[in-house]
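Please walk me through this structure.

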Amino acid sequence: RVGVAIVLAALAAYFATGFAGRPLGELGSVLPPAPAAGDTLEGALAEARRSGKPAFLEFTGVTCVNCQRMKNTVLAEPAVKAELAKYVFAELNTDRLSHPKFAALDRENARLLKERFGTAALPVYIALGPDGVERSRITGLASEQEFLTFLRKGMGN
């Protein structure tokens with residue numbers, strides 16, 4: 001009993017660090033993220049045109065385990081973060097349909113994903129030039145190296 005109590009206490013201490021914002025790696029992919037304000041494609045493209053940077057679109061969902069896994073692993077890697085800093089970033093959620101604040105926005109994002117980009121799969125990462133033309137795309141789970149290749153292609157490298 002004492003051994004089980006010690007193990008559970010250690011796990012509780014580890015999980016509690018997540019409240020302070022510490023990433024929990026693979027475990028974070030099964031936990032729902034905190035609700036965040038939604039970005040829009042139009043806002044990202046306007047900023048991309050203004051800054052001359054390409055736009056990075058992350059079509060994601062709070063209930064999408066693969067989306068959360070990518071967010072907590074590959075997208076959290078320092079090399080990936082450095083490449084992402086070169087982009088105008090837009091997180092476009094598609095599944096908060098029962099949330100009164102986000103339902104309309106997420107419905108629009110889901111519509112855009114299907115009609116403009118021709119898929120309903122999640123996660124989808126799309127790099128657009130400042131002109132709104134698609135430069136590169138990657139769908140689903142990817143390794144850090146695959147993701148870096150996608151990002152560099154989106155930069156025009």
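Is C64 buried or exposed? The model is a predicted one. In it, C64 has a relative accessible area of 13%, so this cysteine is buried, since buried means under 20%. C67 is also counted as buried, at 0% relative accessibility.

These two cysteines belong together. C64 and C67 form a disulfide, with 2.3 Å between their sulfur atoms. A disulfide is a covalent bond between the sulfur atoms of two cysteines. The torsion about the S-S bond of C64 and C67 is about 80°, so the disulfide is right-handed.

Next come the aromatic rings. Searching the whole structure turns up eight aromatic pairs. One of them joins F56 and Y125. This pair is stacked, at 6.0 Å centre to centre and with 20° between the planes. F56 sits in strand β1 (residues 55-60), and Y125 sits in strand β3 (residues 124-128). The pair therefore ties together parts that are 69 residues apart in sequence. Both F56 and Y125 are buried.

Another ring meets a charged residue. R96 lies over the face of F102, 3.8 Å from the ring centre.

Now turn to the surface. V4, V7, L8, L11, Y14 and F15 form a nonpolar patch there. Together they have about 540 Å² of accessible area. Y14, one of these residues, is found in helix α1 (residues 2-16). Its relative accessibility is 31%, so Y14 counts as partly exposed.

How values were computed:
Residues numbered from 1 in each chain as written. Predicted model: local features only at pLDDT ≥ 70, side-chain atom pairs only at ≥ 80, totals over all residues. Heavy atoms only, no water. Phe/Tyr/Trp six-rings, centres within 6.5 Å; stacked < 30°, edge-to-face > 60°. Helix = DSSP H or I, 4+ residues; strand = E, 2+ residues; numbered from the N terminus. Buried < 20%, exposed > 50% of the residue type's maximum accessible area, 1.4 Å probe, protein only. Lys NZ or Arg CZ within 6 Å of the ring centre and 35° of its normal. Patch = residues over 30% accessible without salt bridge, like charges linked within 9 Å, V, L, I, M, F, W, Y side chains within 5 Å. Areas by Shrake-Rupley, 256 points an atom, 1.4 Å probe, with all protein chains shown as cover. Salt bridge = Lys/Arg side-chain N within 4 Å of Asp/Glu carboxyl O. Disulfide = S-S within 2.5 Å.
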